[in-house]
2 protein chains.
Amino acid sequence: MKIIVEKYGGTSVGTFEQINLVAKRVIETKKSGYAVVVVVSAMGKTTDNLINMAKEVSSEPGSREMGMLVSTGEMVSSALLAMAIQNLGQNAIALTGSQCGIVTSSDYDNARIKEIDTMSIKEQLLQDYIVVVTGFQGKNGRDITLLGRGGSDASAVAIAAALGAVECRILTDVSGIFTADPRIVNNASLLKGISYEEMIELAASGAQIMMGRSVEIARNYNLEIFIGPGFDNKYGTVITKEDNLERITITGLSSDEDVALVNLYDLKYVTRDTSLILNEIAEKGINIILMLTNRLSERKTNLTFAVKPEYTLEIGAILEVFQKARRIGHYSIDTDVAQVSVVGSGIACTHGVVADLYTALAQNKIDILMASTSEIKISVFIKKCRAISAVKILHDKFSLAGLKRELKGV
Amino acid sequence: MKIIVEKYGGTSVGTFEQINLVAKRVIETKKSGYAVVVVVSAMGKTTDNLINMAKEVSSEPGSREMGMLVSTGEMVSSALLAMAIQNLGQNAIALTGSQCGIVTSSDYDNARIKEIDTMSIKEQLLQDYIVVVTGFQGKNGRDITLLGRGGSDASAVAIAAALGAVECRILTDVSGIFTADPRIVNNASLLKGISYEEMIELAASGAQIMMGRSVEIARNYNLEIFIGPGFDNKYGTVITKEDNLERITITGLSSDEDVALVNLYDLKYVTRDTSLILNEIAEKGINIILMLTNRLSERKTNLTFAVKPEYTLEIGAILEVFQKARRIGHYSIDTDVAQVSVVGSGIACTHGVVADLYTALAQNKIDILMASTSEIKISVFIKKCRAISAVKILHDKFSLAGLKRELKGV
């Protein structure tokens with residue numbers, strides 16, 4: 001049994017007409033010789049509407065009941081899609097996250113998938129049913145949990161991995177993964193393929209297309225992901241392992257204006273206090289995007305890190321204590337920054353990429369506030385107002401406009 | 001732990017404002033010293049809207065997926081009510097039919113409750129939570145089932161019975177049970193009390209207030225039901241056992257215009273063929289409301305029964321076969337009829353009730369097509385256009401306008 005998992009987002013099932021189109025499309029996939037599992041998001045703006053309803057009755061709705069409330073959006077769309085498929089003469093069954101055995105952690109609004117008992121799904125596939133699964137949700141004990149941002153992608157990828165599917169298709173209203181956001185760079189190139197690692201780095205540095213978490217699961221199970229439009233086979237990008245791709249120095253650019261830089265100057269007990277500060281931040285559930293330490297001299301060490309701007313108040317409170325105890329000289333928090341990243345599996349083994357990047361930005365008088373490099377990524381933090389220019393300049397500098405990233409042997 | 005179960009219908013939770021009112025009311029019940037379980041229907045027209053959505057994608061939506069779709073209406077209202085209660089500072093938890101252990105038969109759209117595992121609910125009540133339960137639904141295996149018409153009442157009564165509650169309150173937009181439908185008879189009297197048996201007979205003969213099935217469960221568990229408005233304590237009717245009520249000859253009248261009479265003339269092999277015909281009807285899931293046989297002579301027996309009009313085509317097909325085989329002389333199906341019933345626990349032991357009824361109708365030139373009596377009910381079938389007059393005439397004849405039915409010792 002060769003299984004394909006297809007995931008349709010909210011804009012693909014926004015109307016009854018679209019639901020019927022999706023029904024036809026999944027039947028086509030079935031008729032081309034695959035067992036098919038479909039994962040659906042809630043129709044159009046349903047999720048937002050449900051969240052607004054909660055706000056009408058409570059100033060601070062409990063997350064357990066929020067899970068129950070919001071999960072109904074995907075129940076409606078998956079029941080309707082199963083009905084539409086049945087109406088076209090093909091057996092179909094709709095299963096909730098709970099019914100198809102998606103067990104998660106207990107954070108009701110940001111749960112992580114712990115395991116999937118695939119028995120229910122497999123049983124139905126063997127009986128020749130198309131299985132329609134509610135995206136974005138799972139269960140913890142008897143309770144309904146939500147998978148958090150990008151949750152339907154996570155459902156699809158995790159189910160595909162657990163079932164040993166040959167492919168997971170994320171079908172959406174974008175054409176695929178580009179060398180840069182096409183809304184910013186109008187000659188951005190569509191990539192035919194991208195490696196798991198490159199995609200994880202792009203996601204981490206602001207590309208909104210897919211959560212890194214889902215790509216990580218796919219990488220761990222060596223599962224190919226196709227991202228592209230549901231109704232046009234000309235477009236789309238395959239996320240796969242490096243070996244299946246032509247080697248290329250730079251694959252893409254991303255920018256993130258939703259970021260803040262925190263600077264700590266003159267740390268006294270560098271190792272001990274850095275550890276203490278980072279632990280306090282972690283305890284509050286705050287994720288550090290990037291961090292640099294800079295030892296200027298024996299007794300003068302600075303520490304800089306990037307976080308999401310919504311956490312700056314909490315971080316300020318933590319640092320205030322350390323400053324009062326004179327364990328840091330002073331600190332500053334800058335929210336007027338953007339992170340621009342260059343990603344490509346060839347960066348580590350290509351000379352001069354960092355130099356080229358610095359040169360291009362310097363020539364255009366764009367100051368780099370902080371920079372960090374890894375094997376496959378260079379991230380720079382600059383003033384927010386220069387982010388769009390920087391992306392355009394670097395897209396030109398690295399000649400990404402004409403880039404063709406093909407899959408090997410295709 | 002003294003438990004009260006309160007059920008709020010769709011019109012009681014139609015707006016966010018009403019949900020807040022219900023939240024306040026159940027907290028009041030809790031503060032008056034009870035553990036509280038609340039059963040809610042879907043908000044306003046939600047159920048109809050969901051059914052219409054299904055019709056948009058399928059000409060004949062499957063009942064399993066319909067169950068999943070429609071069940072979301074109650075999930076939304078119960079999640080919102082739990083949030084509203086929490087917002088007022090009281091612990092609350094929303095549970096789906098499946099989460100609170102309501103196990104049903106497998107008819108997805110007309111399931112019957114088989115058992116309730118009350119452990120989940122009790123656990124929460126012991127922790128001082130108000131438990132909000134989705135009405136109208138249960139589970140069969142992993143699947144969601146719907147309880148059919150009046151299903152939320154059935155949920156409330158069955159949960160109250162299983163928990164050994166002291167009372168089940170069906171809170172609604174009607175003032176209680178009247179001696180006749182107040183839309184027909186404007187001086188109908190509100191009854192303070194009615195017996196289980198009277199209520200079952202009223203429900204069976206057209207009173208739309210509550211399904212007989214729910215009243216039967218209450219009777220079996222000796223559970224008192226209060227039916228009345230949620231926000232006004234002056235009104236309401238208690239359904240209880242006969243012993244708790246003043247004896248009264250006639251309690252109420254009901255009429256049902258949604259009925260058809262089937263007449264079979266000159267049955268040849270009465271016992272055998274009646275049995276055959278009734279079995280064929282039962283196999284098609286058709287319920288016979290009332291039946292009379294009338295042996296005119298040794299070889300001439302007529303059979304008359306009443307059914308819902310939507311089944312007359314199917315019944316015609318069955319009878320056609322018997323007529324062609326010359327085992328019945330001929331048959332007729334009359335859909336231009338109404339059933340008018342007089343209900344009261346004193347009918348059996350009061351002389352002349354039937355005579356009074358016939359006299360009143362005869363004086364007003366209302367022909368009786370068929371009549372049937374039981375211990376506590378007399379039903380007559382008349383032309384549909386006379387139904388309203390008949391109800392008014394009988395309401396006067398039995399002096400129900402000034403009736404006061406009180407509970408004993410109140």
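Helix H5 of chain A, residues 151-163, has 13 residues and reaches 18 Å from its first C-alpha to its last, close to the 18 Å expected at 1.5 Å a residue. The expected span is 1.5 Å times one less than the number of residues, and helices (H or I, at least four residues) and strands (E, at least two) are DSSP runs, numbered from the N terminus. The model is a predicted one, in which local features need pLDDT of at least 70 and side-chain atom pairs count only at pLDDT 80 or more, while totals for chains, interfaces and linings use all residues. Residues are numbered from 1 along each chain as its sequence is written, and chains are lettered from A and ligands numbered from 1 in the order in which they are written.

H5(A) is largely enclosed by the rest of the structure, because 13 of its 13 residues are buried. A residue is buried if 20 or more other C-beta atoms lie within 10 Å of its own, exposed if 12 or fewer, and partly exposed in between, with C-beta atoms placed from the backbone. Just after H5(A) comes A:Gly164, which takes a positive phi of about 65°.

Next come the helix pairs. Two packed helices are described by the angle between their axes and the distance between the axes. Axes are lines fitted to C-alpha atoms, for helices over the stretch in contact, and angles run from 0 to 180 degrees between N-to-C directions. In chain A, the axes of H2(A) and helix H3 (residues 63-87) come within 8 Å and cross at roughly 150°. H2(A) and H3(A) are therefore roughly antiparallel to each other; angles under 35 degrees count as roughly parallel, over 145 as roughly antiparallel, 65 to 115 as roughly perpendicular and the rest as oblique. H2(A) passes H3(A) in a right-handed crossing. A crossing is right-handed if the near helix is turned clockwise from the far one by less than a right angle, and left-handed if anticlockwise. From H2(A), the contact is made by A:Thr46, A:Thr47, A:Leu50, A:Ile51 and A:Ala54, and from H3(A) by A:Met66, A:Leu69, A:Val70, A:Thr72 and A:Gly73. Two residues are in contact if their C-beta atoms, placed from the backbone, lie within 7 Å. By class, this contact of H2(A) with H3(A) holds six nonpolar, four polar and no charged residues. Ala, Val, Leu, Ile, Met, Phe, Trp, Tyr, Cys and Pro count as nonpolar, Asp, Glu, Lys and Arg as charged, and the others, Gly among them, as polar.

A:Thr47 lies in H2(A), residues 46-57. A:Thr47 counts as buried because it has 20 C-beta neighbours inside 10 Å. Not counting residues up to four places away in sequence, A:Thr47 touches A:Ala42, A:Val70 and A:Gly73. A:Gly10 is 37 residues from A:Thr47 in sequence and 9.2 Å from it in space, C-alpha to C-alpha.

In chain B, helix H2 (residues 46-57) and helix H3 (residues 63-87) pack at an angle of about 150°, with their axes 8 Å apart. H2(B) and H3(B) are therefore roughly antiparallel to each other, and H2(B) passes H3(B) in a right-handed crossing. The residues that meet are B:Thr46, B:Thr47, B:Leu50, B:Ile51 and B:Ala54 in H2(B) and B:Met66, B:Leu69, B:Val70, B:Thr72 and B:Gly73 in H3(B). The contact of H2(B) with H3(B) has six nonpolar, four polar and no charged residues.

Chain A and chain B also touch each other, in a contact that takes 27 residues from chain B and 28 residues from chain A. On the side of chain B that touches chain A, helix H1 (16-31), H2 and H3 each supply at least two residues. H3(B) gives the most to that side, with 13 residues. By class, the side of chain B has 16 nonpolar, eight polar and three charged residues.

Back in chain A, helix H10 (residues 353-363) and H11(A) pack at an angle of about 130°, with their axes 10 Å apart. H10(A) and H11(A) are therefore oblique to each other, and H10(A) passes H11(A) in a right-handed crossing. A:Asp356, A:Leu357, A:Ala360 and A:Leu361 in H10(A) meet A:Ala390, A:Ile393, A:Leu394 and A:Lys397 in H11(A). This contact has six nonpolar, no polar and two charged residues.

In the segment after H11(A), residues 387-397, lies A:Glu406. A:Glu406 is exposed, with 12 other C-beta atoms within 10 Å.
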